[in-house]
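Student: I would like to learn how the terms used for a protein model follow from its values. Where do we begin?

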Amino acid sequence: MGRGKKKSFGSKGRGGSHVNGERKRYKKFEELARDNKSFRKYYTTQQIVSEDEFPELMETMRTVLPTNFRITGSRQQATDIREQIMTEFVPYIRKVRIDGAEIEAPHPLPWYPNEFGWQFSIPRIALKKSTELANFHSFLVTETEIGNISRQEAVSMVPPLLLDVRSDHIVLDMCAAPGSKTAQLVEALHVDVAADQTPSGLVVANDADYKRACMLVHQINRLGSPNVVVTNHSGERFPTIRNDAHEAVQFDRILCDVPCSGDGTTRKNVRVWEKWSADDAHALNPLQIKILQRAAYLLKTGGRIVYSTCSLNPVENEAVVAHVLNHFEGALRLVDVSGELPALKRRPGMKTWKFMARDGSFHDSPETVEASTATRGTRRHLEEFLPLSPERMDELHMERCMRIYPHLQNTGGFFVAVIEKVAPISVDEKKKASEAAERISKRIDARAAARNENDKVAKDDQCVETDQPVCKRQKVESGGDEEMAVEGIADEAIANEAIADKDIADETIAGKDLADEDTADEDAADIDIADEDSADEDAADGTPNAHGKRAPYLPDNPREDPALRENPFVFMDPSSSDLKAVLDYYGIKDSMLGRGFLSRMENGMFRTVYYVADSVRQIMDYAGSRLRVVNTGIKVFGRSSVKEAGCAYRLVCEGVPQLLPHLGDKYVIEVPFADLRTLIEHVNPLLSLMSEETQRRVSKVAPSCSVIMCYDPAKHAGDEEKPFTRLTALLSIPCWRGGASLSAHINKSQLRSLNHRVLGRVADKNSTFKLDNNARDSDSVAMSADSPAVCADDA
């Protein structure tokens, strides 16, 4: 993740910044420099690629990055979108010629699963010269706005794939904005979950910048998942959440896409060339180490961290990973992912590199760096900028890191390291592991005692066997069989208990040495780190203590961020009068009544009701006010603008997929394709335009409330009239039931998408395409005046 740049207040307008009282001329994109001598010198010395390969790397980094997008894989219509691209667009784009030259048709990325990742290179000028290209561009824009497609750089898709998220995982994205990787994590959470169910896991999407966190909300809302919480904390100070037993809640998976210099993004951020400096990496390295250290404490033993940057600099990449792994002394290890995503071309991590001083000199050791060639802060961290000993770098298997270079597969530059936690780190973890080891030890001792007792009985039986009558010998032999049966049952029970504690046992064995040495050794280690970071210029996240110095940074227990000043989310009781009236009206089934309904209260009232999964409610209950929650949940009910409505709240489009399985049957109306077409073509179609069966079903619902119109392609496969594009997923459209008409409660982007996919009509933002309005055909439209307009919060 590239580092955000502060806006310069020294320049105004489009004329560029002022230099010595003169306005600097504004440069066009084509005029911007695409070279940097220091950049060349630095990376040729570091030997990130061979000398013969370096010119090819540089030449590729000067070219414009191709466009990449990803089909939202967790949605039912993902395969429909993919098939539409392959059949409706690709064959025709292959035939396009612009000024006699061929245009590269969109093609799937060879390494992305299920052909859901795509790439193409189409110049902007070509869009104006070809109807096929313009239609494809319009299709991408529309589907992106409603969340069916996400624009995302190809290499940015790699870290979430390697994180291996499953539906029951608790996942943390520490530096989440702008949210493209977070969206992938959410998709992975829903992949193997039925449409009428929610995963048992969740994703906590965090970002240190509040405004960027709000951008993240917009990205996540397009996915319609109730399993996401957006928070606003500094990554290195993400709070510890404790459950009712006062045990720390830890994460199964953590993504650390940390702030970086972003010099791997020169193909899209051209200004990186003229602003690049080796000092950028030196300034960011301490922060990157803190974030990765904090992630290690928040991770479960056996869990996985993916550390990534869009930088090529080993100071931000291998240096951070090596020093954090070395700090925890075997509790973390690099995972070999060379067999995953086999079609992705990559290079192994580096084991040697040099430090570049301000005078351009290179150094292998801190002792050779002169004070005049580096700032005081840089000199204090020189050890962390340089590699460890060759032997230690081999022991850490630094070659398991992944470097992606632009010239290998026409991408940007990227670094990825997959880390597994194999032993406990914090005091709480070690205590828990020690208790587990004690329980297992007692069970083993009990089993051994039972065996000894059985052996003793067997020996006694053998001794008296010759002195007893035959009948008694038979009885003893029979009794011996019973004893053996009892012993077998006991052994099986103990074995089952051992299997039940297998995960804890594995953690205990893996972390035995660390736990036995000293249960509080990390406190001393934290103090060592803090001493290095206590200077004013590097402890920006601290607060002055009694001696005027900033408090030390403790990755195991960092200080909390200040509270977020806005109306907090409040969980609502389904049995309360206001909410109960809404739930009863729409016939919400008992299967949903125990779930998490919440709202932001304003003057004791709520305008919108959100819904969250059980996992989100639980972690919010545990965290209390410690989590700075920016947003969570999906909108399911919104206050209606109609004064005399049957229900004061209407169904919101965003929450329909979650509400649909739990709604009363009379509010879910299945329609044929002809009625679906009528609903899409008209703004407020009269009920008389619908089929008799649809009219009969709608008449059972009182006017001035919401209903959901559903079209199931599987049930209408044999119909003569079918959608323009082959559909397999269920289409569900929330509508407002007026006195004599219906009104689709979907936003304009969703309406454009339906027109394109269902009717084959292109209706982009700039087109003159207009929908029919029943007001032109009938004076009875006055009867439908109680139908409210499409609301912006349905987006």
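Tutor: We begin with a definition: a nonpolar core is a set of buried Ala, Val, Leu, Ile, Met, Phe, Trp, Tyr and Cys residues joined through side-chain atoms within 4.5 Å. In this predicted model, the largest such core has 83 residues, and M174, I254, C256 and V321 touch the most other members. Helix α10 (residues 278–298) gives the most to this core, 9 residues.

Student: What is V321 in contact with, leaving aside its neighbours within four places in sequence?

Tutor: The contacts of V321 are L292, Y307, L334, M398, C401, F415, A417 and I419.

Student: Which residues belong to the second, separate core?

Tutor: That core has 61 residues, among them I103, V186, L223 and F414.

Student: Which residues of α10 and α11 meet?

Tutor: From α10 come N285, Q288, I289, L292 and Q293; from α11 come A319, V320, V321, V324 and H327.

Student: How confident is the predictor in the protein chain?

Tutor: The average pLDDT is 80, and 77% of the residues score at least 70. Over residues 464–548, however, pLDDT stays under 50. Residues 775–795 are also below 50.

Methods: Residues numbered from 1 in each chain as written. Heavy atoms only, no water. pLDDT = per-residue confidence, 0-100. Contact = heavy atoms within 4.5 Å. Buried < 20%, exposed > 50% of the residue type's maximum accessible area, 1.4 Å probe, protein only. Helix = DSSP H or I, 4+ residues; strand = E, 2+ residues; numbered from the N terminus.
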